[in-house]
Amino acid sequence: MFQNIGNLALRLKLDNTLALCQKLGNPQEKLKIIHVGGTNGKGSTCALLASCLKEKGYKVGLFSSPHLKDFRERIKINGKTCSKKYVVEFVRENKETLENLNLSFFEMTTAMALDYFHQKKVDWVILEVGLGGRLDATNIVKPKASVITNIGLDHQKILGETLGEIAAEKAGIIKQNTPVFVGETTAETKKVFKKIAKQKNAPIFWVEKFSKKDFQSDLKGLYQQKNMHLAYTVLTQLKKELKLKEKHIEKGFSRVVKNTGFMGRWQVLGKKPLTIADVAHNTHGMLEISRQLKEIKYKKLHLVLGFVNDKKVEEIIDLFPKNAVFHFCQPNTERKFPIEKLKEKYENNLDCLFYSSVSEAYLSAQKKANNKDLIFIGGSNYVVSEIL
């Protein structure tokens with residue numbers, strides 16, 4: 001599993017997923033899909049789109065990753081996870097094929113989701129890319145629209161060292177004669193998107209040209225405005241296909257958590273002290289978190305932070321105020337960034353404590369914080385997952 005061992009678990013090709021889907025009767029060819037990729041904000045954008053389509057009355061399949069508490073969070077219809085029975089039966093019925101093809105965890109899960117959505121006769125599927133785009137298992141589909149949130153430096157060992165190289169991988173989800181919607185760009189990434197869209201004769205929509213207003217949502221976090229601008233552009237530009245009205249979008253945005261069960265994004269876990277968890281886990285995402293923390297009034301900031309070993313940890317830590325109390329920990333995964341390395345680097349430079357588990361670090365922050373303080377939990381999906 002990529003979640004446990006990282007790059008070694010990846011299968012950067014589409015053959016396996018195609019072979020399994022062929023055995024399943026090619027469910028991907030019978031579904032109406034919006035395909036969402038990018039570096040940060042994929043999950044939020046998917047949840048926003050799914051919530052609005054549900055408000056219109058559609059039966060909406062949502063495939064997202066990673067999960068935080070339960071594997072079945074990855075495969076939902078109108079906010080309800082697929083049944084345990086379905087997962088068990090899918091594996092039992094396809095066990096021989098899964099073993100013969102030596103499929104990765106994500107390849108299996110992608111095919112499982114597509115099969116489930118076809119069986120349940122959903123009206124629309126919102127499909128989140130796992131990693132990259134061009135060679136991601138989800139890229140076997142022919143969507144009604146492709147969506148790219150933004151490009152940041154993440155997974156460079158796999159996707160490329162520059163924003164341009166990463167953009168080229170993410171832009172692999174752009175399909176022939178299919179509209180593509182782009183959230184944020186830089187001069188470097190915009191050039192890449194323009195070139196690939198032109199090659200594919202794909203109409204390209206830049207969000208800044210279509211959506212300016214601020215939105216209300218139960219998804220908290222200032223950065224969610226960017227995701228809402230993107231979702232709004234997609235939903236309004238596809239209005240002939242989707243038949244959505246403004247009221248469906250407004251209600252959809254205001255009930256994302258209720259409609260999709262979405263977790264881990266600027267999620268308030270307690271009020272006294274204010275305790276917030278967020279799965280942002282790279283420099284690009286953490287920059288948004290650090291900006292929002294500056295907007296909050298508190299007496300002392302306590303940070304419960306843990307990381308995996310392929311992140312630029314120093315860059316992330318530099319984004320936080322130096323007068324905060326850092327409760328460093330290591331998540332329970334083989335990919336963890338070892339606590340010893342954090343200790344070596346920061347023991348004499350910051351007000352910090354070190355713990356071998358996430359729960360110990362969280363308990364430490366709770367013990368030291370008073371009611372007027374702020375506790376922020378993050379650095380990795382795994383840290384938030386363990387807290388939840």
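Trainee: Why is Lys 84 called exposed?
Mentor: Lys 84 has a relative accessible area of 60%, and the class is exposed over 50%, buried under 20% and partly exposed in between, using a 1.4 Å probe and protein chains only, so Lys 84 counts as exposed. Lys 84 belongs to helix H4, and its C-alpha atom is separated by 7.7 Å from that of Arg 72, twelve residues apart along the chain.

Trainee: What kind of model do these values come from, and how are residues counted?
Mentor: This is a predicted model, in which local features need pLDDT of at least 70 and side-chain atom pairs count only at pLDDT 80 or more, while totals for chains, interfaces and linings use all residues. Residues are numbered from 1 along each chain as its sequence is written, and side-chain values use heavy atoms, with hydrogens and water left out.

Trainee: How do you know that the length of H4 agrees with its number of residues?
Mentor: Helices are DSSP runs of H or I with at least four residues, strands are runs of E with at least two, and both are numbered from the N terminus. The expected span is 1.5 Å times one less than the number of residues, so the 18 residues of H4 (84–101) should span 26 Å, and the 24 Å between its end C-alpha atoms agrees with this.

Trainee: Where is the kink in H4 centred?
Mentor: The kink of about 70° is centred on Asn 94, the bend at a residue being the angle between axes fitted to the seven residues ending there and the seven starting there.

Trainee: Which residues of H4 are buried, and what covers them?
Mentor: The buried residues are Tyr 86, Val 87, Phe 90, Asn 94, Thr 97 and Leu 98. Their cover includes helix H2 (15–23) and helix H5 (105–119), where contact means heavy atoms within 4.5 Å.

Trainee: What makes strand S2 and strand S3 a pair?
Mentor: Two strands pair if DSSP finds at least two bridges between them; S2 (residues 60–63) and S3 (residues 75–77) have three, in the antiparallel sense, so they meet the definition. Ile 75 in S3 is the bridge partner of Phe 63.

Trainee: Why are strand S4 and strand S8 called edge strands?
Mentor: The open sheet of eight strands has the order S4-S3-S2-S5-S1-S6-S7-S8, with mixed pairing. S4 (80–81) and S8 (204–206) each pair on one side only.
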